[in-house]
2 protein chains.
Amino acid sequence: MSVELAVGVDIGGTKIHFALVDDEGKLYHQEIVRTESRKGAVVVLNQVLEGIERMCLAVPAYTDREKLRGIGIGSAGQIDFATGRVAFAVDTLPGWTGTRIKEEVSARFPGLRVIVDNDVNVQAIAERRYGAAQGLNSFVCLSLGTGVGGAVVENGQLIRGTFGGAAELGHVSVDFNGPRCSCGNRGCLELYASGTGIVRLADERAAAGLYEGQTDSRSVIKGWLDGESSAAAVMDVVIAALSTATSGLIHTFNPQAVIIGGGVSEAGEPLLTALRSETALRTAPAMWKAVQIVPAAVGIQAGVIGAAAQIWHYA
Amino acid sequence: MSVELAVGVDIGGTKIHFALVDDEGKLYHQEIVRTESRKGAVVVLNQVLEGIERMCLAVPAYTDREKLRGIGIGSAGQIDFATGRVAFAVDTLPGWTGTRIKEEVSARFPGLRVIVDNDVNVQAIAERRYGAAQGLNSFVCLSLGTGVGGAVVENGQLIRGTFGGAAELGHVSVDFNGPRCSCGNRGCLELYASGTGIVRLADERAAAGLYEGQTDSRSVIKGWLDGESSAAAVMDVVIAALSTATSGLIHTFNPQAVIIGGGVSEAGEPLLTALRSETALRTAPAMWKAVQIVPAAVGIQAGVIGAAAQIWHYA
């Protein structure tokens, strides 16, 4: 019983995932609770503290108590990495902005190392240690879920910017005349290449009599895979917008890989194939030769695994 | 006569600028030659070597010979910083791709330190040491000239990517349905916010009977500043496209500043004011509060000054 473990915590707007994880990304004990986001930041923070407490109590079942190496947390929102404070969070976690996660957790669990970062950043760490980015020093992660999240590793380091807001790649525009986004910009990637983006495009076409059937993103993707032309017309727009963003990211970062994850990416190889062909057309040849577009490999537990992995990543 | 000097060389498609520069960015001796780009890479490289030779011969007029600290070079194209080799250059310098600048210069001037980087990267170094980015660790430079060049400093370091191709910001798209660019992509920033982009937009409108007068970029900008409505209609598109890109860069890098340079930026404060108002509308408030959009401050000699400044920057 001498394995080293870390507590991983993945804080999202709908659920909080806790786990005991070793430095090979293996889960020993886990628990998922529904985020009481409506009740405000104090309640959510308390959920986090109590969940960590339960993980700590579970440690002796798996290893010696002193083998708990620390607590790694990934949270939705923009995180100031140095202070572990939420610099900005959207309305999926009301009041979360300003929460001093690192400080509060450290106060409750003295003697344990606490590291806090953005949820997509920790997924990038998981991909680097255990997944599609092993051995890579320069890569971009795009997480295509309800929205679009991003993380960028350049020269082996996550880019963070001034206060930890960097790599908000869902709010890079691909159409300066496009529809207005909640962020203020027009034509943001998130309006096309996310679950809600796909629904928006399908609804728009349905209203114009150009789309039939369910407009939820799973149905649209299934229709596209089944060769339905009205679903294909929607996905053509999704793929054009996404490949334009991917090309822009390649021209911006000259990365070794662009890693595609999130719910939408469950469309799998057909989506990746279409994305590769269209991005190839839109990218300068020297840049294109140097890069691969690959699926995320760690899977749906990448959030909690990456959160814990920070403890070894920053050792 | 004890000032320390470096040779700075700025290699562009139309001219090569040589200078002796001190570590405060002051020029002591300089020479500009027309680039014999049509004659191919060997001839151009020879021009570079001979120009450096003349700078070395001029040193004793300004300082003791042993006070020459090195040779800093900025070149058009994508430069592999570690090897000082041209990874990729466009047709303004035919055959330049593959040229081993650092190796050749080092062989000819043994005992002198030689550093080679991309021309916009060295301008970013000049802005950081002597210009608009003093004290900043996170900023983006956009150079709006014939094309659009970029450089990004994140956490105090220039981003480079896999082979030095990073920050090709002119080829980030702002319209996924836009016109095809030479790079393969559609709607690249360079098609709108460069000298040639402005001409293209004005020509397009002139052909449709919507624009009168000269369509060169200087005339369009002057017409806009003079309140001519047909020129203003062109510049509205330029500003919308540019602010969309600026917003995207702010969401990507969460920088402290976006620094605007290049010939187009000579439109001055009215352009910056318009760019600021439009970018403010298109940027998430937390990101916008953290950033300033400012003009480049080093001026037209930033290329040669930044080239030389590498010698102290990487000391």
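A salt bridge here is a side-chain nitrogen of Lys or Arg within 4 Å of a carboxyl oxygen of Asp or Glu. I start with that rule, then go through the entries.

**Ground rules**

I am working on a predicted model, where local features need pLDDT of at least 70, side-chain atom pairs count only at pLDDT 80 or more, and totals for chains, interfaces and linings use all residues. Residues are numbered from 1 along each chain as its sequence is written, chains are lettered from A and ligands numbered from 1 in the order in which they are written, and side-chain values use heavy atoms, with hydrogens and water left out.

**Entry 1: salt bridges**

I counted 20 salt bridges over all chains. I looked up E53(A) and found it paired with R108(A), the closest N and O atoms being 3.8 Å apart. I take helices (H or I, at least four residues) and strands (E, at least two) as DSSP runs, numbered from the N terminus. Side chains of opposite charge can pair when their charged atoms come close.

**Entry 2: the two domains of chain A**

The contact (heavy atoms within 4.5 Å) takes 12 residues from domain 1 of chain A and 12 residues from domain 2 of chain A.

I then looked at area, meaning the accessible area (1.4 Å probe) that two parts lose on being put together, summed over both. The two domains of chain A bury about 980 Å² between them, 57% of it on carbon and sulfur atoms.

Which side chains meet in a salt bridge at 2.8 Å, N to O? They are D117(A) and R160(A). The count between domain 1 and domain 2 of chain A is one salt bridge. I also found two residue pairs in polar contact across this interface, both at pLDDT 80 or more. A polar contact is a pair of N or O atoms within 3.5 Å; within protein, one must be able to donate a hydrogen and the other to accept it, and residues adjacent in sequence count only if both atoms are side-chain atoms.

On the side of domain 1 that touches domain 2, β5 (78–80), β7 (113–118) and α3 (119–130) of chain A give two or more residues. The largest share, five residues, comes from α3(A). By class I get six nonpolar, four polar and two charged residues on that side. Ala, Val, Leu, Ile, Met, Phe, Trp, Tyr, Cys and Pro count as nonpolar, Asp, Glu, Lys and Arg as charged, and the others, Gly among them, as polar.

**Entry 3: chain B against chain A**

I checked the symmetry by least squares on the C-alpha atoms of residues with pLDDT of at least 70 in both copies. A rotation of 180° with 0.0 Å of shift along its axis superposes chain B on chain A (RMSD 0.0 Å). That is the relation of a two-fold axis. In chain B, D175(B) comes closest to the rotation axis, at 2.0 Å (C-alpha).

Next, the contact: 47 residues of chain B touch 47 residues of chain A. The chains bury about 3500 Å² between them, 59% of it on carbon and sulfur atoms. In chain B, F176(B), T252(B) and R282(B) lose the most area to chain A, together 19% of what that side buries.

How many salt bridges are there between chain B and chain A? I count zero. I do count 29 residue pairs in polar contact. α6(B) gives the most to the side of chain B that touches chain A, with nine residues.
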